[in-house]
Amino acid sequence: MTFLPKWLTFLKGKEVVIANAIIAILTIGGQQLFSFFTFSCPCHVGQNLIYGLAFLGVPALILLVIGYALNNQTWRLVTGKRSPLLAESTWNQLLQCKLTCFVLCSITGRALVAPVTWLAVTLINGSYYVCAVSEYVSGYYYGDIPNATISERQRILAAFPCSQLVPPELSRARDEVILLLRYQSQVAGWLLIAVVVITVFLSYCLASCFSPLSFLHFRYWTSYVRNEQELFDEATDQHSKLYAMKHVKKFFGFVPGNENINEIRIPSLREWQAISGLAFLKLVDEEHYDYSLLHDWALKDSADRKYLKLDEDP
C-alpha cells in the first residue's frame, strides 16, 4: 500500500516529463502505422527524393505546428496585450523581451518533442532515407554497365528500393547499396538523438545555474504555480457559471437545478431575436466586455415582461 503513494510522490511535479514521454511513444507508434499503411517508394528518377523528403519532413512540420497549437503558453504569448501595470521604460521593455524569449524557447522545446521523435524514428528505420537518396549512390556499387548512359544508371539506382524492379544480376549490388544507405540513415538518427539529449541536458543545466532560486525554493515555486493554476481554473469555472446563471435566470425566470420553481418567464419574440445569431466579444467601455448576446441583453434590458405561474393553466 505504501508503494503507490511513493510513486505518486515521485511523479508529482514531473508532468512535463511524463507528457513528453507519452507524446514520444504515441509518435513512434503513429510512425510505424503510417509507414506500414501508406509508404510506397515510387522507384523513379526524380520522384524518389521528393517522396522520401515529403514523408520525412511534412509529418514533422505538421507535428511541430500541432505542438505549438496545443500549448497554452502559445496562446498566452500571442493573445491580448501587455499588462498596463508595467511602466513604459527601457528596463521594463528589456525584461518583457527576455521573458518573451524565455517563454518562446520553452514552447519550442515542448513542440519539438514529437517532430524530433518522428525524424529520429524514421531515420533509424531507414526506409524513407533509402528511397530518397538511392539514385545518388556512386556507380561503384553496381559496376559499370557497357553502353549505359548516366540517365540509365540513375534509373537503375532509383529502382533499388523496389526489389522486384532490379535485374537478377544486380541483386547483390542492390543489397550492398541498401545496407550502405540504412547505415547512413541509422547513424544520422542516433546522432540526432544524441544532439537533442545533450542540448536538453545543457539547457537545463544553464537554466539552473542562472536561476535566482535555490533547489528547494525552485521546487516550492513550481508546486505553487501548479496549485495556483488548478485553483484558478476551478474558480474560473465556478465564477463564470454563477455569472452566466444570473443572466439565464433573468431571461427564463428561474435558476437551473432549482426544484422550487413557482413561475417562469416568457421571453418575447424580440428578445429571442436579440440573443440569437452570431456574436463577437464586444467592448462596452475601457474596462469591460460583453461576452455573448445574452450577456448584452441582460445588461441592457429591464426584463419586466410576462411571467407564468406554474400552478396555473396557460
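**Reading exposure, ring pairs and charge patches**

Modeller: Start with Leu-61: at a relative accessible area of 53%, Leu-61 is exposed. Buried means under 20% relative accessible area, exposed over 50%, and partly exposed in between, with a 1.4 Å probe and protein chains only. The model is predicted, so local features need pLDDT of at least 70, side-chain atom pairs count only at pLDDT 80 or more, and totals for chains, interfaces and linings use all residues. Residues are numbered from 1 along each chain as its sequence is written, and side-chain values use heavy atoms, without hydrogens and water.

Colleague: Where is Leu-61 found?

Modeller: Leu-61 is found in helix α3. Helices are DSSP runs (H or I, at least four residues), as are strands (E, at least two), numbered from the N terminus. Leu-61 and Trp-118 are 57 residues apart in sequence, and 10.0 Å apart in space, C-alpha to C-alpha.

Colleague: How is a pair of aromatic rings described?

Modeller: By the distance of the centres and the angle of the planes. Rings of Phe, Tyr and Trp (its six-membered ring) pair if their centres lie within 6.5 Å; planes under 30 degrees apart count as stacked, over 60 as edge-to-face and the rest as tilted. This structure holds eight aromatic pairs. In one of them, Tyr-51 and Phe-55, the ring centres are 4.6 Å apart and the planes at 40 degrees, so the pair is tilted.

Colleague: What separates Tyr-51 and Phe-55 along helix α3?

Modeller: About one helical turn, because they are four residues apart in helix α3 (residues 48–69). Tyr-51 is partly exposed at 22% relative accessibility. Phe-55 is buried at 12%.

Colleague: Which geometry do Phe-251 and Trp-297 have?

Modeller: Edge-to-face, because the planes of Phe-251 and Trp-297 stand at 80 degrees, with ring centres 5.0 Å apart. Phe-251 lies in helix α10 and Trp-297 in helix α12 (residues 293–300), so the pair ties together parts 46 residues apart in sequence. Phe-251 is buried at 1% relative accessibility. Trp-297 is buried at 5%. Ring pairs link Phe-251, Phe-252, Phe-254, Trp-272 and Trp-297 into a cluster.

Colleague: Which residues form the negative surface patch?

Modeller: Glu-230, Asp-233, Glu-234 and Asp-237 form the negative patch. Patch residues have over 30% relative accessible area and no salt bridge; like charges are joined within 9 Å, and nonpolar side chains (Val, Leu, Ile, Met, Phe, Trp, Tyr) within 5 Å. A salt bridge is a side-chain nitrogen of Lys or Arg within 4 Å of a carboxyl oxygen of Asp or Glu. Glu-234 lies in helix α10 (residues 215–252). At 53% relative accessibility, Glu-234 is exposed.

Conventions. Accessible areas come from the Shrake-Rupley method with a 1.4 Å probe; for residues, only the protein chains shown count as cover. Lys and Arg count as positive and Asp and Glu as negative; His and the chain ends are not counted. The place of a charge is taken as NZ of Lys, CZ of Arg, CG of Asp or CD of Glu.
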